[in-house]
Amino acid sequence: MKDLVILSGKGGTGKTTIAGALAHYWRGRAVFVDADVDAANLHLLAQPETILRGSFAGGKLATVARSECSQCGVCTDLCRFDAIRDGVVSRLTCEGCGLCARACPQQAIEMVERISGEWFASHTRYGFLLHAELDPGEGNSGKLVGLLKEQASEIARKEGITRIVCDGPPGIGCPAMATLAGADAVLVVAEPSTSGLHDLRRVLDLTRHFRLPAVAVINRADVVPSFTQQVIAAARERDTPVIAEIPYDPAVPSAAAAGFPVAAQADSPAARIIQTLAIDLEQFMGSD
Amino acid sequence: MPLGKTPSAETTATSDLHMEISVVSGKGGTGKTSISVGLAVALAGIGNELVRLLDCDVEAPNAHLYFPGRAAIATQVTVAVPSWNGEACDRCGECVSACAFGAVGLFGDRLEVFVEHCHSCGACTYVCPKSALTDTSRPIGDIYQLAADGLAVAWGLLDVGEPRAVPLIDQLRGSGSFSGVTILDGPPGTACSMVATAIGTHAALIVTEPTVFGLHDLRLARKTLDLLGVPYGVVINKCQGSRSVVHDYCKREALPLLLEVPLARDIAVGGAEGIPLPSIRPEYGPALEDLLRSCKTLAAGKGQL
C-alpha cells in the first residue's frame, strides 16, 4: 500500500485541481481522501454517491446543570481558555479538557461527547472517495483526518487497491501533520510568488522533519518566470526536484464549473502536463 | 496575556478608537493577504488612523513579505506544559486519568509527557495530590513586529512541527494594547485557527473568488462567522466580469458586496512580487478606504459601535 499526500503550505496553489486530475488518470486504482476537512472541495469534481457515513465525535464539551450551579466562579478562575464564566460555557472556545468538571464544588458539570461533523465514504466516477464536513467553528480536525485515513485504508484493503491519495489542507500545522501520518511520499504544489516561495520552504521543512521523500510541481508556472526559477532553486536546496510545471489554463476553472477535473478536457495544456505527471508520480512512489 | 487565554467569546465593543476587522475566506489563495495588506496600506496612507496589520495565519504568514527590508523584532512565544518531579510523585496515576488528550502516560516508574498532545489546560497539575507536576514553558514559535510607513505589522510564525496554531494566534492578538484600526489577516479554512482570528472582531471581510470552490467555501465561512456573531461583507477577487456563481449567490442572499478586484495580469504579477494593491493600481485606493467605512456600518448594525 502506498500513501501519497498532496500539500502546499500556501493555500490555493492547486492541490485539489491536481488531485481531481490524478483521480481521472488513476481511475479505480486509488482511494482518494479529501483531508481538507473544514473546506473540502474534491467531491465537487467527482460526483460522489455516499455508501457509508458516520458522525465525528471530536472531543467533549463542558455541560452545566444550571440548577446545581452555585455561581461560585471556581470554573471561571481555573479555565485557561476563557470558555466558562460562572457556569455558562462557550462552545466555540471550550477545549473539552474537563478541568472545570473536576473542580466544580457542586459537581454541576459533566463532560459530554461533542459531535463535530460528519464523514462520508463515496463511490465516484473515479473510484472511492473519503471526505468530511467539519461543523462550523469546531476543532479537532487532525483527529477527523485520521479517521478518514483509517476508513480509506479499510476500503483499500477490502477492495485490493494499493494506493491512497490524500488531497491535503493548506498550512503546516495539525491538519497537515495528521494528513502526513502514515504517508510514503509527498507531492508539494507550489506557486511562483514571494508568498508561494516562503511557504514552500516551510512545507518542505515539514516533510523533512518527518523524513518523507517529496517532489514538487509548480502551478501557473508561466505567469511570473523569475519566481518559477526561484521556486526550483528553493526546492533543490531542500533536495526536492520539481517534476512538472503546469501553465495557467482557463480550462481548470471552466472544467470545475462543470463539475469535472481539468483532465476531462484532454486538449487542455494543464491536463497534458498532469497526464505526464501521473506517470512520473507512479515511478516516484515505486511499485505498489 | 496569561498563557492559553483566548479572547472573550462575546463580541463587545472596545473604545470608539479601536476597531478590529478580520479578513477570512474559507478557500485558500483567494487573496486575503492581498486585500489585508492593500487595506492596511491604503488606511495608513490617509494618515487619519493608527493602523496595525496582524497576520494571524501563523502556519504560513505572508503579509510581512510585502514590507521587505525592514528590521523585525522577534519575541518567543511559549505555552505551558507540565514538568514532572519524580521524587514528589507517588505514581497514583490521577494525572493520567485527568488528561483528556493523552498527553500524560505512566510507564512503570516513569511519567512521560507527550508535549505535542498537551493543550496546556492545567488539569494534571490541578489534580496531582503531591504537587509533583508544575507548569513549565515550552516554545512554539515567535511573534515578529516591524514598522513600515505609518503602519505597524506583526505576525506569528509557528515552529515547523508544532501542531497547534491557536495558542500563538491568541498571544499575537493579545500582544500590546492598541487604539486604532487593526486588520487581522486570517488563515484559510473555517476551523479553530480561523475562529481564533475572527472571534471578538467588530466586522469581517470574506475574500472569495468567482469559482465553484470559492462559492462552496464562502458558504462555510459565513456559517462560522454567523456562529461567532461577527457581521461581514464580501470581497470578490480575481473577477472576470461582474457575473458569476458567487455574484449571483451574494445577490440572492443579500450579502453586502463591498469590493470587486479583477483577474488581471498586472495585479497577479505585482501581487506575486509582494507589491501592495494600492501601489499596483492606485485607482483602488478609495475603494479600499471605503472598506473601513463599510465595516464600521456593519459593526454598527450589530450594535457594536
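Here are some worked exercises on a predicted model with a chain A and a chain B.

Residues are numbered from 1 along each chain as its sequence is written, while chains are lettered from A and ligands numbered from 1 in the order in which they are written. Because the model is predicted, local features need pLDDT of at least 70 and side-chain atom pairs count only at pLDDT 80 or more, while totals for chains, interfaces and linings use all residues; side-chain values use heavy atoms, with hydrogens and water left out.

**Exercise 1. Describe the area that chain A and chain B bury between them.**

Step 1: Start with who touches whom. On chain A, 57 residues are in contact with 65 residues of chain B (contact means heavy atoms within 4.5 Å).

Step 2: Now the area. The two chains bury about 4700 Å² between them, and 60% of that is on carbon and sulfur atoms. Buried area is the accessible area, with a 1.4 Å probe, that two parts lose on being put together, summed over both.

Step 3: A:Arg80, A:Arg102 and A:Arg202 supply 15% of the area that chain A buries against chain B, more than any other three residues.

**Exercise 2. Find the polar links between chain A and chain B, and say which helices of chain A take part.**

Step 1: Count the polar contacts. There are 20 residue pairs in polar contact between the chains, both residues being at pLDDT 80 or more. A polar contact is a pair of N or O atoms within 3.5 Å; within protein, one must be able to donate a hydrogen and the other to accept it, and residues adjacent in sequence count only if both atoms are side-chain atoms.

Step 2: Go to the helices. H2 (74–78), H3 (99–103), H5 (174–180), H6 (194–209) and H8 (251–257) of chain A each supply at least two residues of the side that touches chain B. Helices (H or I, at least four residues) and strands (E, at least two) are DSSP runs, numbered from the N terminus.

Step 3: Name the top helix. H6(A) gives the most to that side of chain A, with 8 residues.

Step 4: Sort the residues on that side. They divide into 25 nonpolar, 20 polar and 12 charged. Here Ala, Val, Leu, Ile, Met, Phe, Trp, Tyr, Cys and Pro count as nonpolar, Asp, Glu, Lys and Arg as charged, and the others, Gly among them, as polar.

Step 5: Look for salt bridges (a side-chain nitrogen of Lys or Arg within 4 Å of a carboxyl oxygen of Asp or Glu). The count between the chains is 2. In one, the side chains of B:Asp135 and A:Arg80 meet at 2.6 Å, N to O. A:Glu95 also forms a salt bridge with B:Arg164, with the closest N and O atoms 3.0 Å apart. That pair runs from the loop between strand E5 (88–89) and H3 of chain A to the loop between strand E7 (151–158) and H4 of chain B.

Step 6: A:Glu95 is partly exposed at 22% relative accessibility, whereas B:Arg164 is buried at 18%. The cut-offs: buried means under 20% relative accessible area, exposed over 50%, partly exposed in between (1.4 Å probe, protein chains only).

**Exercise 3. Work out the overall build of chain B.**

Step 1: List its parts. Chain B has 10 helices and 11 strands.

Step 2: Along its principal axes, the C-alpha trace spans about 70 × 45 × 35 Å.

Step 3: See how much is covered. Of the 305 residues, 57% count as buried. In helix H4 (residues 166–174), 8 of the 9 residues are buried, including B:Val166 and B:Leu172. Just after H4(B), B:Gly176 takes a positive phi of about 70°.
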